[in-house]
Amino acid sequence: MKMPLLQRRTLTLLGVGIVTAALFAYVVLRSGPLAPVSVVTTIVEARSISPALFGIGTVEARFSYKIGPIIAGRIGTIHVDVGDEVKVDQILAEIDPVDLDARIAALDATIGRAEASVKAAEAQVEDALARRGFAQAQAKRFEELWKTRAVSEVAVETRRQDSQVADAALTAARSNLLVAQQELQRNRADRDGLIKQQENLVLRAPVDGVISARKAESGTTMVAGQAVIEMIDPANLWINARFDQIAATGLRRDLPASIALRSRAGTAVPGEIARVEVLADAVTEESLAKVKFATLPQPSPPIGELAEVTVMLPGLPVSAVIPNAAIRNVGGELGVWKIEGGNIRFTTVELGASDLDGLVQVTAGLEVGDEVVVYSASRLVDASRIRIVADPGELLK
Amino acid sequence: MISLAGRDILHSWGKFVFTGVGLGLLIGVTFTMAGVYRGMVDDGKVLLDNSGADMWVVQRNTLGPYAESSSINDDIYRMILAIPGVDRVANVTYLTMQVQRGNADVRAMVVGIASADPSAPGRPPFLVAGRQITRSHYEAVADVAAGFALGDTIIVRRSRYSVVGLTRRTVSSGGDPMVFIPLKDAQEAQFLKDNDAIVRQRRRTGENPEFNRPGVPGLLDAVIASQNSNPYVNAVLVRIKPGYDHERIANDIARWKRLTVYTRSEMEEILIGKLIATSSKQISMFLVILAIVSAAIVAFIIYTLTMDKIREIAVLKLIGTRNRTIASMILQQAIVLGLIGFVVGKITATFAAPLFPKFVLLVTADTVTGLVAVIVICALASVVAIRMALKVDPAEAIGG
């Protein structure tokens, strides 16, 4: 009776002891420096990747028109508001003429007076002509009479002088007429000038389009060149996109692109690169490009809306490809942890092009079919023991 | 020869084991507390390791970027790259903030990294899922501790980032998980307050007659545009080519570029010696108290256990057992108790460590020190008990 009791007790104790010892062994081996690091591996694949460029930009109008007066003036009336569709030559706004009309009326009066002056001068010319004709006839007659000595020499001299005076008077009258005519011409030119100015006070639409901004209201005084109305052509919207220079290799005209507008998150519309700007942004280190829509989405997006642009580059020839998560930086060298006989060895690699899904070409250092570490539960070092797990979810625990 | 200690333990094994387990829990708490302290220090070290930098260039006379705020122009890196011996440089921004996760928010350190270059310092050193950032905007790699899953949307300020990769043990010195986003987005996030504030700022600027002069059209627009850009980063991470003298390059940058530079050892000194100094001292103080209390309790338990069987010891003496045998019995028991406590403590500490919100690092050296300390304390505690046992009068076995 005594022995079984002792045995049972010993067995229980032994059981507890073994369980504790097992737990302790587990704890020592699975945590701390002796523990293996769980890793997920992948095989280097041979495949073709299609690199893509990613940039963001804003919707801009290809042409935008700023319409304002060419001289300083106060705005009289504005006929259009933001969003109005306008036709070419439609009157958008008028600048208050201030004294322009009065000046034109004054000039009209001046012109009337000048016309009268011209008439008076013409009459003077006729008068002078008549006087000269008479004087010349008198002089001729007295010359004839002088030959027969019927008149005195003095009388002949007097008539000759009269004729010369009448000549001079005619010249003076003709000059007066010319002056009067030029005066009239000048006043008419002045008036034409004012009429032109009056026309310039009317701001007209240069093209068919939509009013995008109304920058001032009636009564505002504008300086010359300041825009009163801004309008755009809504049929010509494009994206002014910016691409980080470090990842802008291969950006060129006519490449297909997909445009995702912020207001339409998740849906992308097709487009293409219309122009790569000659000037890049030196401060932000970005290259600039204009991307046009294949078909403009309706309703058309507001100017200034943010858009993400993904530019698809042509596919590259098949080569060794690894996920970018496999690339590690050890001591300043880029490489991957390669599995060799159950152990890991750091292998430096040279990288080629990459795509937006995180695949990178390996140009040197790895062969197709090599096994490399993609994910690891902690930072790997040369001496790390590894445990390859099939389920990537295990690393997240 | 019969083992007196073994026989005695077997005799009242339940009591003995439970005492051991209780002692083990106490030792486990001590180990965990040591782990909390080590974890704090490790948070700081891992922050420096993860940055992958040999030196940090920060605003002049600041302890940035971790211990103080620092702000330098984002094109300074070009000057530093031109210095001989510099291998790689990268702009970086750090911003500790609440980021939105679904309807709740989580405290995280948002790190802006130069995304496209795989060899640039500052990137997450390894991933546990997903991929590294490939787009220059609106992608994020988050630490698993932040609770995000692949494909989740993180909202920072007014931008939405999709989580494309997950990493582990990338934390700030305060233990907050990191969220890596592209640098340009991070600069914006650091600068943009919120839309209301921007609108108010614009209105304020518009009402300032200095900026809104009637005769100078376009001035206001230009002023507002200049207010809404952020050409600043917190630090430039620098990696040095092998074989170059770090101190000398650091001195060159500090002297000629008029900036403050910290090398790895200086930065470690700042983080551990200054940033977490008080809180780590607090924890280590607590650890010391806990160790003393544990020692006292161990001594007390062994003393009580011996006192419990003082009558049996008297009988042993009565039948002529040698003092050495009795002493070794008590000593052996004390040490076995200590070992049970140690094993249970190590197991509980290891299993409890992942449950803590902040990182708890159980260092092997601490475990070994703990084992030695437990054995020494048990041995010392048994000395008192042994003295009591040896002084007992054999007559007590009959009397009382």
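This is a predicted model: local features need pLDDT of at least 70, side-chain atom pairs count only at pLDDT 80 or more; totals for chains, interfaces and linings use all residues.
Reader: How do you know that the span of α12(B) is close to the one expected?

Author: The expected span is 1.5 Å times one less than the number of residues. Helix α12 of chain B, residues 364–391, has 28 residues, for which 40 Å is expected. From its first C-alpha to its last, the helix reaches 41 Å, so the two values are close.

Reader: How does the radius of gyration of chain B stand against that of a compact globule?

Author: A compact globule of 400 residues would have a radius near 21 Å, but chain B has 31 Å. The box filled by the C-alpha atoms of chain B is roughly 115 × 50 × 40 Å along the principal axes. Within chain B there are 12 helices and 12 strands, and 44% of the 400 residues count as buried. Take the contacts in chain B with a separation of 6 or more: 78% of them come from residues 24 or more positions apart.

Reader: What makes two residues of chain A and chain B count as being in contact, and how many residues are involved?

Author: Their C-beta atoms, placed from the backbone, must lie within 7 Å. By that test, 35 residues of chain B are in contact with 37 residues of chain A. On the chain B side, the elements giving two or more residues are α2 (13–51), β5 (129–130), β8 (159–167) and α11 (323–352). The most comes from α11(B), with 4 residues. By class, this side of chain B has 16 nonpolar, 11 polar and 8 charged residues.

Reader: Why is A:G369 called exposed?

Author: The cut-off for exposed is 12 or fewer C-beta neighbours. A:G369 has 10 inside 10 Å, so A:G369 counts as exposed. This glycine lies in the loop between β22 (359–364) and β23 (371–376) of chain A. Leaving out residues up to four places away in sequence, A:G369 touches A:I43 and A:V44.

Reader: Why do β2 and β21 of chain A stand at the edges of their sheet?

Author: Their open sheet has 4 strands in the order β2-β17-β22-β21, with antiparallel pairing. β2 (45–47) and β21 (350–354) of chain A each have a single partner strand, so one side of each is left without a neighbour in the sheet. The twist averages 50° from one strand to the next.

Reader: How do you know that β2(A) and β17(A) pair?

Author: Pairing needs at least two bridges. β2(A) and β17(A), residues 319–323, have 3 bridges, so they count as paired, in the antiparallel sense. A:A46 stands opposite A:A320 in β17(A).

Reader: Which strands of chain A pair with β14(A)?

Author: Strand β13(A), residues 256–261, is joined to β14(A), residues 268–276, by 5 bridges and runs antiparallel to it. Here A:A260 stands opposite A:A268. β14(A) also pairs with β15(A), residues 286–293, in the antiparallel sense over 5 bridges. The bridge partner of A:G271 in β15(A) is A:F293.

Technical notes. Residues are numbered from 1 along each chain as its sequence is written. Chains are lettered from A and ligands numbered from 1 in the order in which they are written. Ala, Val, Leu, Ile, Met, Phe, Trp, Tyr, Cys and Pro count as nonpolar, Asp, Glu, Lys and Arg as charged, and the others, Gly among them, as polar. The radius of gyration is taken over C-alpha atoms; the globule rule is 2.2 Å times the number of residues to the power 0.38. A residue is buried if 20 or more other C-beta atoms lie within 10 Å of its own, exposed if 12 or fewer, and partly exposed in between; C-beta atoms are placed from the backbone. Axes are lines fitted to C-alpha atoms, for helices over the stretch in contact, and angles run from 0 to 180 degrees between N-to-C directions.
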